[in-house]
Amino acid sequence: VQLQASGGGSVQAGGSLRLSCAASGSILSINVMGWYRQVPGKERELVARMSNGGTTNYADSVKGRFTISRDNAKNTVYLQMNGLKPEDAAVYYCYLNLLGIKYWGEGTLVTVSS
């Protein structure tokens, strides 16, 4: 299984970015895809996740601003980030959870200037 993320970049506070992550390989239809983020010196934290059935979970800090979605046919997950704040700046990692095993994509950097 491989995951390829894209869409990071630099924005001003209040701006928007959309991250994408496409998974390839032997992927079962029942799975969870999502995003974590990490800043230097801190643990990786869950941002949002979505099951193939459409159940979503968000970190409290992003509720109402970020929206996760996915295209099951393409094994692709998206993260629409609106109203970005400087504290959202981090390296964002997409992941795929298959039967309890997490597969990770390379991180994509998001910077937010105030």
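1. Let's start with the cysteines: the count of disulfides comes to one. Do keep in mind as you read that this is a predicted model. The bond joins C21 and C94, with the sulfur atoms 2.0 Å apart. Its torsion about the S-S bond is about 50°, so the disulfide is right-handed. C21 sits in strand β3 and C94 in strand β9, so the bond ties together parts of the chain that are 73 residues apart in sequence.

2. Are those two cysteines buried or exposed? C21 has a relative accessible area of 1%, so this residue is buried. C94 comes out at 0% and therefore counts as buried too. The cut-off behind both calls is under 20% relative accessible area.

3. Next, the nonpolar interior. In soluble globular proteins, nonpolar side chains tend to be buried together. Here the largest nonpolar core has 28 residues, and those with the most contacts inside it are W35, V47, F66, L79, M81 and Y92. Elements giving two or more residues to this core are β1 (2-6), β3 (17-24), β4, β5 (45-51), β7 (66-71), β8, β9 and β11 (108-113). Strand β9 provides the largest share, five residues.

4. Leaving out residues up to four places away in sequence, L79 touches L17, R18, L19, W35, V47, A48, F66, T67, I68 and Y92. Among these neighbours, W35, V47, F66 and Y92 are also on the list of residues with the most contacts inside the core.

5. Now for the rings. A pair of aromatic rings is described by the distance of the centres and the angle of the planes. Three aromatic pairs turn up in a search of the whole structure. One of them is Y36 with Y95, an edge-to-face pair at 5.2 Å centre to centre and 75° between the planes. This pair links distant parts of the chain, with Y36 in strand β4 (residues 32-38) and Y95 in strand β9, 59 residues apart. Y95 also pairs with W104: the ring centres are 5.6 Å apart and the planes stand at 40°, so this pair is tilted. Together, Y36, Y95 and W104 form one aromatic cluster.

6. W104 is at 35% and so counts as partly exposed. W104 has a charged neighbour, too: R44 lies over the face of W104, at 4.6 Å from the ring centre. The charged end of R44 also sits over the ring of Y93, 3.7 Å from its centre.

7. Side chains of opposite charge can pair when their charged atoms come close. How many salt bridges does the model hold? The count comes to four. D88 takes part in a bridge with R37 (3.0 Å, N to O), which links the loop between β8 and β9 to strand β4 across 51 residues. D88 also bridges to R65, with the closest N and O atoms 2.7 Å apart. Through shared partners, salt bridges join R37, E45, R65 and D88 into one network.

8. D88 is buried at 1% relative accessible area, R37 is buried at 5%, and R65 is buried at 13%. By contrast, D60 and K63 are both exposed; their salt bridge has its closest N and O atoms 3.1 Å apart.

9. Two backbone positions deserve a look. N75, in the loop between β7 and β8, has a positive phi near 50° though the residue is not a glycine. L99, in the loop between β9 and β10 (101-104), likewise has a positive phi of about 50° without being a glycine. N75 is partly exposed at 22%, while L99 counts as exposed at 73%.

10. Finally, P86 lies in the loop between β8 (76-81) and β9 (90-98). At 37% relative accessibility, P86 counts as partly exposed. Setting aside residues up to four places away in sequence, P86 touches A13, V112 and S114. P86 and Q12 are 74 residues apart in sequence, yet their C-alpha atoms are 8.3 Å apart in space.

Methods. Residues numbered from 1 in each chain as written. Predicted model: local features only at pLDDT ≥ 70, side-chain atom pairs only at ≥ 80, totals over all residues. Heavy atoms only, no water. Helix = DSSP H or I, 4+ residues; strand = E, 2+ residues; numbered from the N terminus. Buried < 20%, exposed > 50% of the residue type's maximum accessible area, 1.4 Å probe, protein only. Contact = heavy atoms within 4.5 Å. Phe/Tyr/Trp six-rings, centres within 6.5 Å; stacked < 30°, edge-to-face > 60°. Lys NZ or Arg CZ within 6 Å of the ring centre and 35° of its normal. Core = buried A, V, L, I, M, F, W, Y, C linked by side-chain atoms within 4.5 Å. Disulfide = S-S within 2.5 Å. Salt bridge = Lys/Arg side-chain N within 4 Å of Asp/Glu carboxyl O.
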